[in-house]
Amino acid sequence: MRRFADAARSGVRRARDAGARAILLLVHGPNGKASYANAAAVAALAGAGSLWEPLEAREAFGDAIEPVQTLGIAEVGGEFAESTAEWIEATAAGLRLARDLAGTEPERMAPPRFAEYVQAAFRGTKVKVTVQKDVKKLQREYPLLMAVARASLGVPRHRPCVVRLEYVPKGKVVRTVLLAGKGLTYDTGGADLKTDGHMAGMSRDKGGAAAVAGLVLAAAKLALPGVRVVAELGVVRNSIGSDAFVSDEIIASHAGCRVRIGTTDADGRLVLADLLSHLRLDAAQAEGPHLFSVATLTGHSGRAVGPYNIALDNGPARAFATAETLMQIGDLVGDPFEVSRLRREDFDFVQPRSKADDTLSCNNLPSSGTARGHQFPMAFLCLASGLVKHGTDSAVPLPFTHIDIGGSGCEGGDWQHGRPSGRPLVTMLATLFGALPPA
Ligand SMILES: [Zn+2]
């Protein structure tokens, strides 16, 4: 499937660079093969996405730098339905929002401006957008997130917020998808400062929140039925300064778990833990709940599997084979997943060393130099968010799937210059909403 996407991408760009302003993409699908049923839609999506130019470039040079206004798609030997075109338009709009949010530099997309951009994107849709930016309320409700944000509070334009998105479909709700997105608009590493050139590209550490926002936009544009969505985006800058949090501090999470900070560079899991704790409370009241976290969480994910999304299930999610389903559907829509497992070693790794705390956020080696570097953070998420009390044998089991896009968030794995991929939007849309491209 990705060969179709690659071919469409380079063909469309070549036509644009040759001066074409209305382009017809002709897809020769391998007819009759079920695994390639979505080849034309995937190619069209890649072709449309290839025309995206960074927000900074559009704001500097105007819309003329995206000169192609019309992209037609035809499938040789196939029929391209109107509903397929609608799916592509809505999905492309979601990906475009995700790319803008993820790809833009840290001042233009500082937390308050990130929130404004999201609000503008959802204007006129059925999605309710709420932005919580009251510092006192955030400190009470999101204590771990606010530890990460502490050194940013002195700079009003860098102050954090939590953006909440709610989509209620028409008709009966059969399932509720609850999404937590990591939105680190800049990650200096904090007091455990990123050195040796590892800081460049860290404005892209908001790819999880960006993909979640794009996913909700696409679902709302398609007016997808049956599934209610609640998303919380933690939009925070991890700065360094005299008020920065430091390793060894013990901070109680929203769920009441006393977290000992292992390194201030393990910031995303702190943000996600508080978001997931709030979503946990929503989930307990919801129809058919399933929680997800989406994050550029670890360098280890890219080291382990290269340019693939990684999904890990907790016990209740494993009973639904959620990670496996993401992997199967990901292959069909050219946005592939690998499945990782959560193991007892992951819980052992973050266990408290004394009664002073309840869990350790991280060791103090880079994740890429740590065995199970992308798996053990999920154990921390389960503990610090309180989801650990909602396992298979609990009174209220809550399925939870953690998705790490540390290897897939930027094309070519180039976090400074690569195009943001918008992944895993397409697979999640197809899996959670059953919204495969209409055949
Ligand atoms: Zn970090």
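This is a predicted model: local features need pLDDT of at least 70, side-chain atom pairs count only at pLDDT 80 or more; totals for chains, interfaces and linings use all residues.

Biologist: In which sense do S7 and S8 pair, and over how many bridges?

Modeller: S7 and strand S8 (residues 258-260) are antiparallel, with three bridges between them; two strands count as paired if DSSP finds at least two bridges between them. Strands (E, at least two residues) and helices (H or I, at least four) are DSSP runs, numbered from the N terminus.

Biologist: What is the order of the strands in that open sheet?

Modeller: The order is S7-S8-S12, three strands with mixed pairing. Strand S7 (250-252) and strand S12 (359-360) are at the edges with a single partner strand each, so one side of each has no neighbour in the sheet.

Biologist: Switching topic, how is the chain divided into domains?

Modeller: There is domain 1 (2-80) and domain 2 (93-432), with bounds that come from an automatic or database domain assignment. Their C-alpha centres lie 30 Å apart, and the contact (heavy atoms within 4.5 Å) takes 14 residues from domain 1 and 18 residues from domain 2.

Biologist: How much area do domain 1 and domain 2 bury between them?

Modeller: The two domains bury about 1500 Å², 50% of it on carbon and sulfur atoms; buried area is the accessible area (1.4 Å probe) that two parts lose on being put together, summed over both. Of the area that domain 1 buries against domain 2, Arg 2, Trp 52 and Leu 55 supply 43%, more than any other three residues.

Biologist: And how many salt bridges are there between domain 1 and domain 2?

Modeller: The count is three, where a salt bridge is a side-chain nitrogen of Lys or Arg within 4 Å of a carboxyl oxygen of Asp or Glu. Arg 108 forms a salt bridge with Glu 59, and their closest N and O atoms are 2.9 Å apart.

Biologist: Last one: which peptide bond is cis?

Modeller: The bond from Arg 423 to Pro 424 is cis, with omega near 5°, and Pro 424 lies in the loop between strand S13 (400-404) and helix H15 (425-432).

How values were computed:
Residues are numbered from 1 along each chain as its sequence is written. Side-chain values use heavy atoms; hydrogens and water are left out.
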